[in-house]
Amino acid sequence: MTSSKAKKTRLITTAERPSREEAEAAVRVLLRWAGDDPAREGLIDTPARVVRSYEEFYAGYQVDPREILARTFSEVDGYDEMIVLKDIRFESYCEHHMVPIIGRAHVAYLPEHRVVGISKLARLVDAFAKRLQIQEKMTVQIADTLNEVLQPAGVGVILEAAHQCMSTRGVHKAGVTMVTSRMLGTFRTDPSTRREFLSIVGNPGVVAVSNT
Ligand SMILES: [Zn+2]
């Protein structure tokens with residue numbers, strides 16, 4: 001369903017959030033679980049560092065992605081061609097193993113009335129990347145938010161990423177890239193629009209095939 005809104009994931013409230021001390025204590029448990037002694041010199045400050053790192057890794061939870069797109073420009077002097085921001089590097093974290101997903105996003109839309117500053121597209125990607133994710137969900141969230149807020153004629157989003165949960169554990173396959181895409185509006189219905197987008201971003205993977 002192209003028109004369905006992305007299902008809103010429930011996030012915890014401020015009251016439910018543990019204290020910094022509780023979070024650091026949890027890291028000490030995991031250090032012991034790994035087989036090391038949290039009290040030894042090299043590890044003494046590690047829980048505090050890990051908890052601070054989490055604030056960076058998961059900064060997306062503090063951002064409202066819709067607000068990023070709130071400021072739009074309507075004076076575009078009749079510009080009605082595709083706008084593409086490609087090769088937006090992102091770092092995300094797999095929600096199953098909490099290890100990095102490193103990749104690139106290509107985000108495009110065909111404006112109808114309004115455009116946003118291009119840095120906003122990169123910030124939109126980060127707002128969803130800096131959370132616990134699966135790549136498919138992140139692709140949908142970026143595309144649907146852009147579609148709902150800007151209401152353009154069409155949206156195309158392609159994500160290409162390597163999953164460290166696949167390269168450093170489990171099947172241990174390095175050098176594998178996963179490609180996901182979501183095409184909405186004219187990007188879905190008009191093959192020439194889709195082709196133009198794919199040729200601009202260099203035809204990653206097999207995304208000419210449709211998606212849901
Ligand atoms: Zn994983």
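**Entry 1: strand 4**

I began with strand 4 (residues 154–163) and found that nine of its ten residues are buried, so the strand is largely enclosed by the rest of the structure. For my own record, a residue is buried if 20 or more other C-beta atoms lie within 10 Å of its own, exposed if 12 or fewer, and partly exposed in between, with C-beta atoms placed from the backbone. Helices (H or I, at least four residues) and strands (E, at least two) are DSSP runs numbered from the N terminus.

I note here that this is a predicted model, in which local features need pLDDT of at least 70 and side-chain atom pairs count only at pLDDT 80 or more, while totals for chains, interfaces and linings use all residues. Residues are numbered from 1 along each chain as its sequence is written.

I then looked up the partners of strand 4, taking two strands as paired if DSSP finds at least two bridges between them. Strand 2 (residues 100–110) pairs with strand 4 in the antiparallel sense over ten bridges; within that pairing, His106 has Ile158 as its bridge partner, and Tyr109 has Val155. Strand 5 (residues 178–185) also pairs with strand 4 in the antiparallel sense, over eight bridges, and there Gly154 stands opposite Gly185.

I counted eight helices and five strands in the protein chain, and from the N terminus on, the elements run α-α-α-β-β-α-β-α-β-α-β-α-α. The C-alpha atoms fill a box of roughly 65 × 40 × 25 Å along the principal axes, and of the 212 residues, 29% count as buried. Taking two residues as in contact if their C-beta atoms, placed from the backbone, lie within 7 Å, I find that residues 24 or more positions apart account for 71% of the contacts with a separation of 6 or more.

**Entry 2: domains and annotation**

The chain is divided into domain 1 (14–57) and domain 2 (64–201), with bounds that come from an automatic or database domain assignment. The centres of the two domains, taken over C-alpha atoms, are separated by 32 Å.

I also checked the UniProt record, an unreviewed entry, whose annotation "domain: GTP cyclohydrolase I" covers residues 24–201; such annotations may be inferred rather than shown by experiment. Over residues 24–201 the chain is 42% helix and 24% strand, and the end C-alpha atoms are 42 Å apart.

**Entry 3: the nonpolar core**

Which residues touch the most other members of the largest nonpolar core? Of its 34 residues, they are Ala105, Val107, Leu124, Val125, Ile142 and Val157; a nonpolar core is a set of buried Ala, Val, Leu, Ile, Met, Phe, Trp, Tyr and Cys residues joined through C-beta atoms within 7 Å. The elements giving two or more residues to this core are strand 1, strand 2, helix 4 (118–129), helix 5 (135–150), strand 4, strand 5 and helix 8 (191–201). In soluble globular proteins, nonpolar side chains tend to be buried together.

Leaving aside neighbours within four places in sequence, Val157 is in contact with Ala105, Val107, Thr139, Ile142, Ala143, Ser181 and Arg182.

Helix 4 has twelve residues and reaches 17 Å from its first C-alpha to its last, close to the 16 Å expected at 1.5 Å a residue, the expected span being 1.5 Å times one less than the number of residues. Its buried residues include Leu121, Leu124, Val125 and Phe128, and what covers the buried residues of helix 4 includes helix 3 (65–68), strand 1, strand 2, strand 3 and helix 5.

Helix 5, with 16 residues, should span 22 Å, and its end C-alpha atoms are 23 Å apart, which agrees. Helix 5 is followed by Gln151, whose phi is positive, near 45°.

**Entry 4: Ser92 and Met138**

Ser92, in strand 1 (residues 83–94), is buried, with 27 other C-beta atoms within 10 Å. Met138 lies in helix 5 and is buried because 26 other C-beta atoms lie within 10 Å.
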